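Please read this briefing alongside the sequence and the model. It is arranged by topic.

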Amino acid sequence: MVINVIRAPHVPTSEELWNAVVGVYFSLQARNPSIEPGIDRLRRLELRRVRETRKYLIDTFRDIALGMPFLDSLHPFYRELIELMIDRTVYKHSLAKVGHATKALSSIYRDTILSIRSATTNYDIIRARKKFLSRVRDLIMDLKPELDFLKGAAVRLDKLPNIEPGLFTIVVSGMPNVGKSSFVRCVSSGRPRVAEYPFTTKELHVGHFTVLNDVKIQVIDTPGGLLDRPLSERNKIELQAILALKYLAKVIVFILDPTSHSGYSLTEQINLLREIRSGFSTPTLVLINKIDIATENEVDAALSNITVIDGSIPIFKVSTINCSGCKVVIDHIVDNYVIPMLKESLSRQ
């Protein structure tokens with residue numbers, strides 16, 4: 001089973017967990033007054049406290065160990081991103097140690113139950129209580145490095161973009177300010193979601209639209225800092241973050257601004273297109289944007305430079321400021337990529 005959505009459970013620090021244990025333990029008080037002897041009443045109370053504390057800790061340990069994502073079950077897109085953010089070996093060790101803590105807790109529990117049941121005085125019961133809490137505290141504090149690591153990992157996991165890798169995905173690329181986010185807004189129904197993407201301070205825009213009645217399409221605006229400069233200028237982490245996108249993109253839409261308004265020359269943009277074409281085997285379309293303000297010479301220059309890279313690459317003229325031409329782009333993608341994919345999928349069934 002491949003998991004597509006990342007959800008991290010709440011992971012307390014060792015101090016937070018210990019404080020919670022003390023709260024659970026002492027929140028339990030003796031029930032209504034009874035005629036039973038004092039020692040039997042205390043014994044019953046402490047047995048209940050020990051049982052409830054054990055249950056609370058076992059639930060907490062299991063929630064963490066089973067609630068944190070298993071890396072091997074993740075979609076490759078998420079797995080690569082997570083392995084860039086956290087150390088895989090430490091992560092697996094931490095989860096294993098927290099999970100195995102239930103065994104040590106069970107041993108403490110059995111010893112304590114035996115001590116309380118065999119106690120002959122109130123003092124013996126209180127001493128068993130103190131020993132139980134002391135051993136539980138030692139167990140929790142021994143987990144401090146693992147809990148601290150997993151808490152930090154959970155915070156990072158919660159910031160991962162909420163992307164559905166199983167959907168047909170259009171990845172929009174190009175230099176900043178060329179109209180990528182505007183294109184996402186033009187073709188998406190409703191307001192695109194904005195999410196953080198690891199390894200860049202810029203935002204990721206994720207939109208969806210439906211075609212052929214019920215086929216959901218995902219469109220992603222790559223954040224500035226990823227596909228906006230040559231791959232040769234990247235460090236190792238940036239390169240891996242970019243390569244993670246290869247698991248998502250069924251089609252890459254490259255947006256080019258033939259005017260000078262984006263702040264990037266035509267040469268810079270063409271060089272980036274060449275890098276993307278050489279670095280990704282994904283089908284690519286080029287959108288010449290801002291045709292509402294571009295001159296004929298600027299559009300012609302863009303066209304000639306694109307065809308030098310690849311004379312067969314589909315080229316569209318659009319204006320994302322008013323969404324002119326964007327529907328034609330989507331219709332082309334549906335006809336040439338979505339429908340063939342659906343037919344192939346049906347033929348396999």
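This is a predicted model: local features need pLDDT of at least 70, side-chain atom pairs count only at pLDDT 80 or more; totals for chains, interfaces and linings use all residues.

Residues are numbered from 1 along each chain as its sequence is written, and side-chain values use heavy atoms, with hydrogens and water left out.

**Overall make-up**

- The chain has 11 helices and 7 strands, taken as DSSP runs numbered from the N terminus (helices H or I, at least four residues; strands E, at least two).
- Of the 349 residues in the chain, 49% are buried; buried means under 20% relative accessible area, exposed over 50%, and partly exposed in between (1.4 Å probe, protein chains only).
- Contact means heavy atoms within 4.5 Å. Among contacts between residues at least 6 apart in sequence, 75% join residues at least 24 apart.
- The chain has an accessible surface of about 17,400 Å², with 52% of it belonging to carbon and sulfur atoms; areas come from the Shrake-Rupley method with a 1.4 Å probe, and for residues only the protein chains shown count as cover.

**Cysteines**

- A search of the whole structure finds 1 disulfide, defined as a pair of cysteine sulfur atoms within 2.5 Å.
- The disulfide joins Cys186 to Cys323, with an S to S distance of 2.1 Å. The pair links distant parts of the chain, 137 residues apart: Cys186 is in helix α7 (residues 180-187), and Cys323 is in the loop between β7 (315-317) and α11 (326-348).
- The torsion about the S-S bond of Cys186 and Cys323 is about -85°, so the disulfide is left-handed.
- Cys323 counts as partly exposed, at 34% relative accessibility.
- Cys326 is buried, with a relative accessible area of 3%. The closest cysteine sulfur to that of Cys326 is in Cys186, 4.2 Å away, which is too far for a bond.

**Nonpolar cores**

- A nonpolar core is a set of buried Ala, Val, Leu, Ile, Met, Phe, Trp, Tyr and Cys residues joined through side-chain atoms within 4.5 Å.
- The largest such core has 52 residues, and those with the most contacts inside it are Leu57, Phe61, Met68, Ile82, Val136, Leu150 and Leu160.
- At least two residues of this core come from each of α1 (14-27), α2 (38-67), α3 (76-85), α4 (88-118), α5 (122-142) and α6 (144-158). Helix α4 supplies the largest share, 9 residues.
- Another core, of 44 residues, lies apart from it and includes Phe209, Leu266, Phe280 and Phe316.

**Ile113**

- Ile113 is found in helix α4 and is buried, at 7% relative accessible area.
- Leaving aside neighbours within four places in sequence, Ile113 is in contact with Leu47 and Val50.
- The C-alpha atoms of Ile113 and Glu46 are separated by 9.0 Å, although the two residues are 67 apart along the chain.

**Aromatic rings**

- The structure holds 3 aromatic pairs; rings of Phe, Tyr and Trp (its six-membered ring) pair if their centres lie within 6.5 Å, with planes under 30 degrees apart counted as stacked, over 60 as edge-to-face and the rest as tilted.
- The Tyr25 and Phe132 rings have centres 6.1 Å apart and planes at 35°, so the pair is tilted.
- This pair links distant parts of the chain, with Tyr25 in helix α1 and Phe132 in helix α5, 107 residues apart.
- Tyr25 is buried at 0% relative accessibility, and Phe132 is buried at 1%.
- Tyr25, Phe26 and Phe132 form one aromatic cluster.
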